[in-house]
Amino acid sequence: QIDCETLAVVSGRVVDRGMNPIPMVRVEIQGRPEFGFTLTRADGEYDLAVNGGGTFILDLSAQGYLPAQRSAPTTARADKVLEDIMLVTLDPNVTTVMAGMPAPQVVTGSTVTDSDGPRTARLIVPSSTSVMMGNGVGGMDPVTEIDVRITEYTVGDTGPMAMPADLPPTSGYTYAVELSADQGLDRPISFSKPLASYNENFLGFPTGTIIPHGFLDRELAQWVPADNGRVIEVLSESGGRATLAVDSTGFPASPSKLSSLGINSEELTVLAQLYDPGDSLWRVPVSHFSPHDYNFPLPNDSVPPPPPAPEPDNLTGTLSDADYGQIEYENQAFQEQLNLV
């Protein structure tokens with residue numbers, strides 16, 4: 001299936017959190033089985049032949065690691081070397097969640113500490129919540145229990161390398177987490193009620209700040225918008241329940257305001273048990289398990305990155321910058337790059 005006239009080789013390296021190479025990682029092009037697959041070598045490097053001239057999605061998977069995807073733009077008869085990709089192991093903390101329990105359940109991930117500060121991700125599972133898991137033939141079946149883990153990608157200076165997929169160009173790198181169950185790492189898992197994802201406000205956003213939220217659809221290789229979250233603050237505790245501020249006024253939120261955000265009395269009771277007055281938190285509703293990204297748009301005064309240098313042309317010289325474009329002779333195409341704010 002490889003055409004010698006357009007042959008291109010996509011290369012790169014796969015490492016772990018310690019920057020050690022990972023051998024035997026399966027690397028393939030999503031939706032293009034005709035290109036086959038390859039495995040990383042002992043040095044973590046790989047080479048995969050494709051028909052150049054388009055942008056492909058690289059799927060990377062290995063036993064004991066969460067999968068990753070990367071965009072690979074190619075040009076006919078030219079090699080493409082991607083930046084290092086970091087695969088992440090699952091968080092060691094695991095919590096068994098039972099379906100339909102009469103009381104809320106709490107899942108707690110490991111405490112993460114880096115230059116941004118410490119944080120501990122949690123999930124509050126409402127009472128009487130049923131759990132559905134993909135059955136492998138296109139349907140969803142109920143399950144009685146799942147073993148849940150919360151794994152953060154965005155840890156330390158190497159966090160961008162560990163992202164499960166490339167972010168959209170308008171999204172700023174902020175925080176990404178994998179919500180998963182050991183019984184369904186390769187199957188969809190959804191819930192009859194939204195779960196509440198909590199984390200300390202380790203970046204110091206003001207109370208009431210909206211938290212843009214999206215999840216990664218691995219089959220589409222796209223980030224899909226989801227219900228946004230919000231920065232809230234625990235003001236006090238009364239009668240075993242937390243009193244919250246949910247907007248910039250800092251005043252206690254009314255019952256109707258809390259209800260509009262999906263916060264009920266049982267969640268307030270759990271918050272009083274988990275947090276102290278003065279704690280500032282991120283709260284984001286989630287209805288299914290997948291990689292979730294809580295990010296913020298790039299600031300208005302941010303300077304867009306320079307456009308990538310054009311790939312070398314194998315038949316003739318590329319046009320100069322003054323021509324504002326490039327002719328790809330092998331692909332019989334003309335392309336021009338425009339920076340959009």
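This short talk walks through one predicted model, from the whole chain down to a few side chains.

Before the details, please keep in mind that residues are numbered from 1 along each chain as its sequence is written, and that side-chain values use heavy atoms, with hydrogens and water left out. Because the model is predicted, local features need pLDDT of at least 70 and side-chain atom pairs count only at pLDDT 80 or more, whereas totals for chains, interfaces and linings use all residues.

Of the 341 residues, 41% are buried, meaning under 20% relative accessible area with a 1.4 Å probe and protein chains only. If we take the contacts with a separation of 6 or more, 66% of them join residues 24 or more positions apart, a contact being heavy atoms within 4.5 Å.

Among the strands, let me pick out S15 (residues 171-181), in which 10 of the 11 residues are buried. Strand S14 (residues 145-152) pairs with S15 in the antiparallel sense over 5 bridges, pairing being assigned if DSSP finds at least two bridges between two strands, and Val148 stands opposite Ala181 in S15.

Next comes Glu267, which lies in helix H3 (residues 265-274) and, at 6% relative accessibility, counts as buried. Leaving aside residues up to four places away in sequence, Glu267 touches Ile124, Ala196, Tyr198, Gly262 and Arg283. With Arg283 there is a side-chain polar contact of 2.7 Å, a term that covers a pair of N or O atoms within 3.5 Å, where within protein one must be able to donate a hydrogen and the other to accept it, and residues adjacent in sequence count only if both atoms are side-chain atoms.

That brings us to the aromatic residues, where rings of Phe, Tyr and Trp (its six-membered ring) pair if their centres lie within 6.5 Å, with planes under 30 degrees apart counted as stacked, over 60 as edge-to-face and the rest as tilted. The count by this rule comes to 8 aromatic pairs. In one of them, Tyr198 and Tyr275 have ring centres 6.2 Å apart and planes at 40°, so the pair is tilted. Tyr198 belongs to strand S16 (residues 189-200) and Tyr275 to the loop between H3 and strand S22 (280-288), 77 residues apart. Tyr198 is buried at a relative accessible area of 1%, and Tyr275 is buried as well, at 5%.

Methods. Helix = DSSP H or I, 4+ residues; strand = E, 2+ residues; numbered from the N terminus. Buried < 20%, exposed > 50% of the residue type's maximum accessible area, 1.4 Å probe, protein only.
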